[in-house]
Amino acid sequence: MAVSSTPCLHHRSLIANNFRSTFLGEKNGFTISTMPVSHTGILRKTIECKESRIGKQPIQVPSNVNITLQGQDLKVKGPLGELSILYPREVKIEREDSGILRVKKALETRRANQMHGLFRTLTDNMVVGVSKGFEKKLQLVGVGYRAMLEGKDLVLNLGFSHPVRMAIPEGLQVKVEENTRITVSGYDKCAIGQFAASIRQWRPPEPYKGKGVKYADEIVRRKEGKAGKKK
């Protein structure tokens, strides 16, 4: 006896119509409630950055150092030399009655926060440089690597086909000991670091045997060489 499939198809169409009516919001046995959605916004709050821990530290000025302050221009003169610096508009320098220097922010901006600690450090380096001085030591590691002084030039033998000759900048002193140890000294810390980096750049230390020019306090991370083929 054959069974008609018409009721099943009719039942399926009713279910489909109910779901379709539900999604379309029609009232067919189901009630759909709608609520208005309010606009959401982002609250922006200005956060004031804290003062730099380095920037707020005072700068002690020795008795043998003369300070000349004219607006944003600072000149420091001591027994070893004279240096000057021009401050940007984001920071300012003040001198107290006791002779202490203080670097302060003139604006409340991100750049002022960045310049605060930087120029305090630069100012302190100037005061220490003209009164006590700085030095940077380097060491030559390698067979046949040697250094010597010829007049106002530093001559390096670093394994090239020709010796490397470097003119010593004005205001710096270079001393060579045992042909492998170099000491660069002076009152300008930036110039000392730049010249020492220029010397090291000719032959940076390699990680396998440690050959090259390195700072005296530099730790060279060594690598293990390739192992030979096992028999």
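Searching the whole structure turns up two aromatic pairs, where rings of Phe, Tyr and Trp (its six-membered ring) pair if their centres lie within 6.5 Å, and planes under 30 degrees apart count as stacked, over 60 as edge-to-face and the rest as tilted. This is a predicted model, in which local features need pLDDT of at least 70 and side-chain atom pairs count only at pLDDT 80 or more, while totals for chains, interfaces and linings use all residues. Residues are numbered from 1 along each chain as its sequence is written, and side-chain values use heavy atoms, with hydrogens and water left out.

**Stop 1: the tilted pair**

Select Y87 and F119. Their ring centres are 5.6 Å apart and the planes meet at 45°, so this pair is tilted. Y87 sits in the loop between β3 (82-86) and β4 (91-95), and F119 in helix α2 (residues 110-131), 32 residues away, so the pair links distant parts of the chain. Helices (H or I, at least four residues) and strands (E, at least two) are DSSP runs, numbered from the N terminus. Are these two residues buried or exposed? Y87 is buried at a relative accessible area of 4%, and F119 counts as buried at 10%; buried means under 20% relative accessible area, exposed over 50%, and partly exposed in between (1.4 Å probe, protein chains only).

**Stop 2: the edge-to-face pair**

Now pick F160 and W202. This aromatic pair is edge-to-face, with 6.3 Å from centre to centre and 70° between the planes. F160 belongs to the loop between β8 (153-157) and β9 (164-167) and W202 to the loop between α3 and β12, so the pair ties together parts 42 residues apart in sequence. F160 is partly exposed at 34% relative accessibility, and W202 is partly exposed as well, at 40%.

The charged end of R203 sits over the F160 ring, 4.4 Å from its centre. For a charge to sit over a ring, NZ of Lys or CZ of Arg must be within 6 Å of the ring centre and within 35 degrees of the ring normal. For another such contact, select K136 and Y215: the charged end of K136 lies over the Y215 ring, 4.8 Å from the centre.

**Stop 3: the four-stranded sheet**

Colour the open sheet of four strands, whose order is β10-β11-β6-β12 with antiparallel pairing; two strands pair if DSSP finds at least two bridges between them. At the edges are β10 (172-177) and β12 (212-215), each pairing on one side only. From one strand to the next, the twist averages 25°.

Axes here are lines fitted to C-alpha atoms, for helices over the stretch in contact, and angles run from 0 to 180 degrees between N-to-C directions.

**Stop 4: the cores**

Which residues have the most contacts inside the largest nonpolar core? They are L138, L156, I182, V184, F195 and I199, in a core of 20 residues. A nonpolar core is a set of buried Ala, Val, Leu, Ile, Met, Phe, Trp, Tyr and Cys residues joined through side-chain atoms within 4.5 Å. Two or more residues each come from β6, β8, β9, β10, β11, α3 and β12, and α3 gives the most, with four.

Centre on V184 and show what surrounds it. Leaving aside neighbours within four places in sequence, the contacts of V184 (heavy atoms within 4.5 Å) include F134, L138, L172, V174, I192, F195 and I199. There is also a second, separate core of 17 residues, with I59, V76, M126 and V127 among them.

**Stop 5: the hairpin**

Select β7 (residues 146-150) and β8, antiparallel strands joined by five bridges. E150 faces D153 in β8. The two strands form a hairpin with two residues between them, and G151 in the turn has a positive phi of about 70°.

**Stop 6: the three-stranded sheet**

Finish with the open sheet ordered β1-β2-β3, again with antiparallel pairing. β1 (66-70) and β3 are at its edges with a single partner strand each, so one side of each has no neighbour in the sheet. Five bridges connect β2 (residues 73-77) and β3, and D73 stands opposite L86 in β3. Bring back α2 from the first stop: this helix lies across β2 and β3, running at about 170° to β3.
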